[in-house]
Amino acid sequence: MKWAPVIAAAFLLLPAGAAIALAPAGDAVRGAQLYKARCGSCHSLDANRVGPAHRGVVGRKAGSMAGYSYSPAMRASRVVWSPQAIDRYLQNPQQMVPGTKMGFRLADPGQRADVIAYLQQQGRTVRK
Amino acid sequence: MTDIIASRRTLIRSAGTGLLSVAAIAILGDMPALAREAGKGNGVSARQGDIDILNVALGLEHEAIEAYQIGAESGLLQKPVLDLAVIFQGHHKGHRDALSGAIRQLGGAPVEAHSRADYIESLGIAAIKNQADVLKLAQAHELGAANAYIGVMPSFGGKELAQVCAKIAADEASHWSLLTAALGEPIPSAAFLFG
């Protein structure tokens, strides 16, 4: 995953939440598998489960999936889920959004890039 | 105290799954230590963080219990797979009881299960047509659960709670292995099957 350090470095130089126009680093095909195995017990694309539905999450305001019962912290956060914001959240969710219910971490930067590429590829939010 | 009595009752109710009950008691026996450990040094917010993580895990266990129930009642499972499903469901009930006990001990309120109709919709049960479909759903669930437990471990304030999650993850991993064998699928050759 040679892009991951580049993105990480670029991110450090920019204010949090700034949009960065970089080629996607991850592989969405690998990301689909990873998503199923790592995120799939709590999340799915179209159903709110233990965690909120994910289709269209990239670019969405945090805590805005209709019908899901978020933590007060997530609802109140001003995060918008850019790829960089998701990357940060997955490293340590409770550090980025203190009070969030999600404790799951994905330590491997390459795997994070793959999952984010997959999420980015999944179209718009389907409201049920 | 009432918690302990209540959990004992739950355990007695689930008698017949002897092994499970022993495991659950061992975890519950750690509770006062868990409660001390969780808040240690990090104050109230760390404890609340631990409660939140345990409650998310409890949500997974509720889902698994209901999914196995739906599977068992579907008429799609034949023996010995049906027996396996019932045993695994018993393990998930043991996990549920241990997690609920830990949450109460930390001063939190355990989340309730959703309705069966909710699970049927969110798990896409309508698409399930035969025994292999049921096994594949269970296999995916157990893999995801093992990975979820492993992935939340570094976020705990209390190390003892991480150990409880490791115990549960090991159960989910063995479920995954047995389901994979029942499906006749090969075991991956690379190391780190989970996590």
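Predicted model: local features only at pLDDT ≥ 70, side-chain atom pairs only at ≥ 80, totals over all residues.
The interface brings 20 residues of chain B into contact with 16 residues of chain A, and the area buried between the two chains is about 1500 Å². Chain A holds six helices and zero strands, and no disulfides are found in the structure, the count over all chains being zero.

**Interface between chain B and chain A**

- The size of an interface is often expressed as the accessible area that is lost when the parts come together.
- Of the roughly 1500 Å² buried between chain B and chain A, carbon and sulfur atoms give 57%.
- Three residues, B:V56, B:S122 and B:S155, supply 26% of the area that chain B buries against chain A, more than any other three residues.
- One salt bridge is found across the interface of chain B and chain A.
- The salt bridge joins the side chains of B:E63 and A:R49, with a distance of 2.8 Å from N to O.
- Three helices of chain B, namely α4 (43-73), α6 (116-122) and α7 (131-152), each supply at least two residues of the side that touches chain A.
- By residue class, the side of chain B that touches chain A comprises nine nonpolar, eight polar and three charged residues.
- Between chain B and chain A there are eight residue pairs in polar contact, with both residues of each pair at pLDDT 80 or more.

**Fold of chain A**

- Read from the N terminus, the elements of chain A follow the order α-α-α-α-α-α.
- Chain A has 128 residues, and buried residues account for 52% of them.
- Considering contacts in chain A between residues at least 6 apart in sequence, 45% join residues that are at least 24 apart.

**Cysteines of chain A**

- A disulfide is a covalent bond that links the sulfur atoms of two cysteines.
- With zero disulfides over all chains, A:C39 is in none, and the nearest cysteine sulfur, that of A:C42, is 8.8 Å away.
- A:C39 counts as buried, because its relative accessibility of 12% is under 20%.
- A:C42 is likewise in no disulfide, and the nearest cysteine sulfur to A:C42 is that of A:C39, 8.8 Å away.
- A:C42 has a relative accessible area of 15% and is therefore buried.

**Residue B:H62**

- B:H62 is located in helix α4 of chain B.
- The relative accessible area of B:H62 is 11%, so this residue is buried.
- A polar atom of the B:H62 side chain lies 2.9 Å from the backbone oxygen of B:V111.
- Leaving aside residues up to four places away in sequence, B:H62 touches B:R96, B:V111, B:E112, B:A113 and B:Y119.

**Residue B:E121**

- B:E121 is located in helix α6 of chain B.
- B:E121 counts as exposed, because its relative accessibility of 53% is over 50%.
- B:E121 and B:S174 are 53 residues apart along the chain, and their C-alpha atoms are separated by 27 Å.

Terms used: Residues numbered from 1 in each chain as written. Chains lettered and ligands numbered in written order. Heavy atoms only, no water. Contact = heavy atoms within 4.5 Å. Buried area = accessible area lost by both parts, 1.4 Å probe. Salt bridge = Lys/Arg side-chain N within 4 Å of Asp/Glu carboxyl O. Polar contact = N/O pair within 3.5 Å; in protein donor to acceptor, adjacent residues only side chain to side chain. Helix = DSSP H or I, 4+ residues; strand = E, 2+ residues; numbered from the N terminus. Nonpolar A, V, L, I, M, F, W, Y, C, P; charged D, E, K, R; others polar. Disulfide = S-S within 2.5 Å. Buried < 20%, exposed > 50% of the residue type's maximum accessible area, 1.4 Å probe, protein only.
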